[in-house]
Amino acid sequence: MKIETMRWSHNRLEMIDQRILPASFEYLSYDSAASVAEGIRSMVVRGAPAIGVAAAYGVALEALRMASVIPPPSHEGRGSGDENFKAGMEAGFTVLAQSRPTAVNLFWALQRMRRVWESVAAQIPQQIAQRLLAEAHEILAEDIRINRALGTFGAELLPDGARVLTHCNAGALATAGWGTALGVIRSAVEAGKKISVIADETRPFLQGARLTAWEMVQENIPVTLITDNMAGYMMAQGEVDAVVVGTDRVAANGDVANKIGTYMVAVLARRHNIPFYVACPLSTIDLNIAAGKDIPIEERPVDEVKGFRETHWAAEGVSIRNPAFDVTPAELVTGLITELGVVLQPNAQGIRNLMPAIVL
Ligand code: MRU
């Protein structure tokens, strides 16, 4: 089954509402930067690459919206129409940039869209909007190609019969399709390997129980769900052969930010001599951040920890923290799996050697 996390339909962006999966499968429709930003913030769409693709469409939607309210230029010139267009676009960029702080793909996509805008800024808004839309389509298609490429590299690392533990959801739903960590698993299965998955539930938003488990069940890839605190037991029992996770941002020294709980899994994997791999498109590497301690970590609403949806089980009045990500030091990472190859024991030099000049 092909999962279309988002799609362009009737001049709108449609995104699967990941908040209600797997109980319901529904697309929501978006027509502006502000509405897409709200979709990202509220986690209708989530996962670093998917957030980046959605933001690119957010910019294109804003351009289309602004272009539709600005009259075509008259013979007197363009004047205030252009100014309004620019102001609307800047507001769109700002609201999107404020939607979530940790996934660097968001800022990567906004920067790419801004460069495209600048390259055609002399054209009329209608033409600019079409060019930005074409770029958003390209970012989406490219994301799937990248996942396929890193999947092929990653699949080689997994032995036939491997039992692979993953945390959160770095699957088709977290990208434009195929997935990063789950892309590695899909590619290994496609290559004929027998792979089974152990999915951490992933408190508090349950991306593992709801999304990873759903994706694997859809594809008949054997999957076993555990709660996060069972990972150590499973490893100690010899039931885990490898860990593969995704990431929201990798610092220049190879430190990895990913869903809260990933660090705990990495420490356990090292204790049990289990390889810990991070599937990571180049767009997730942030060379402007020297080390993991400088990666901004999102704090989400405490209601997510109090309970789930309307059901609250925490004692009223208790103080609650909800950091959504943690940082795994590079020394615990066996390899970064990218679309250009695998960086084993990542460090600043290994990462620089990998990055193409265009990204540097
Ligand atoms: O809060 P989320 O669901 O957006 O967090 C997602 C993750 O932590 C993923 O592992 C990461 O974004 C990589 S997705 C390919």
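A: This is a predicted model. Start with an open space: the second largest pocket has 16 lining residues, and those nearest its centre are R19, S42, F205, E304 and R309.

Q: Which elements give two or more residues to the lining of the second largest pocket?

A: They are α10 (303-306) and β12 (307-308).

Q: How much space lies in this second largest pocket, and how do the residues of its lining divide by class?

A: The second largest pocket holds about 400 Å³ of space. Its lining divides into 8 charged, 5 nonpolar and 3 polar residues.

Q: What is the general idea behind finding empty space?

A: A probe the size of a water molecule is rolled over the atoms, and this shows where empty space is left. For cavities, the probe fits but cannot get out. In this model, a search of the whole structure gives 3 cavities of 30 Å³ or more.

Q: Which residues lie nearest the centre of the largest cavity?

A: R46, G47, A48, N169 and D248 do, out of 23 lining residues. The space in this largest cavity is about 190 Å³. By class, its lining has 10 nonpolar, 9 polar and 4 charged residues.

Q: Which element gives the most to the lining of the largest cavity?

A: α2 does, with 3 residues. Both α2 (48-69) and β9 (256-259) supply at least two residues of this lining.

Q: What lines the second largest cavity?

A: The lining is made by P49, G52, V53, N105, W108, I139, E142, D143, I146, P281 and S283. α5 has the largest share, 4 residues. At least two residues each come from α2, α4 (104-119) and α5 (125-155). About 80 Å³ of space lies in this cavity, and its lining divides into 6 nonpolar, 3 polar and 2 charged residues.

Q: Now a helix. Which residues of helix α1 are buried?

A: In helix α1 (residues 33-41), the buried residues are A33, V36, A37, G39 and I40. They lie on the same side of α1 because they cover an arc of only 155° around the axis. Just after α1, M43 has a positive phi of about 70°.

Q: Is A266 buried or exposed?

A: A266 counts as buried because its relative accessibility is 0%, and the cut-off for buried is under 20%. A266 is placed in helix α9 (residues 262-271).

Q: How many residues apart along the chain are A266 and A121?

A: They are 145 residues apart along the chain, and 46 Å separates their C-alpha atoms.

Terms used. Residues numbered from 1 in each chain as written. Predicted model: local features only at pLDDT ≥ 70, side-chain atom pairs only at ≥ 80, totals over all residues. Heavy atoms only, no water. Buried < 20%, exposed > 50% of the residue type's maximum accessible area, 1.4 Å probe, protein only. Arc of directions from axis to C-beta. 1 Å grid on protein atoms, 1.4 Å probe; cavity = no way out; pocket = protein on both sides within 12 Å on 5 of 7 lines; lining within 4 Å. Points joined across faces, edges and corners; volume = space filled by probe spheres on them. Nonpolar A, V, L, I, M, F, W, Y, C, P; charged D, E, K, R; others polar.
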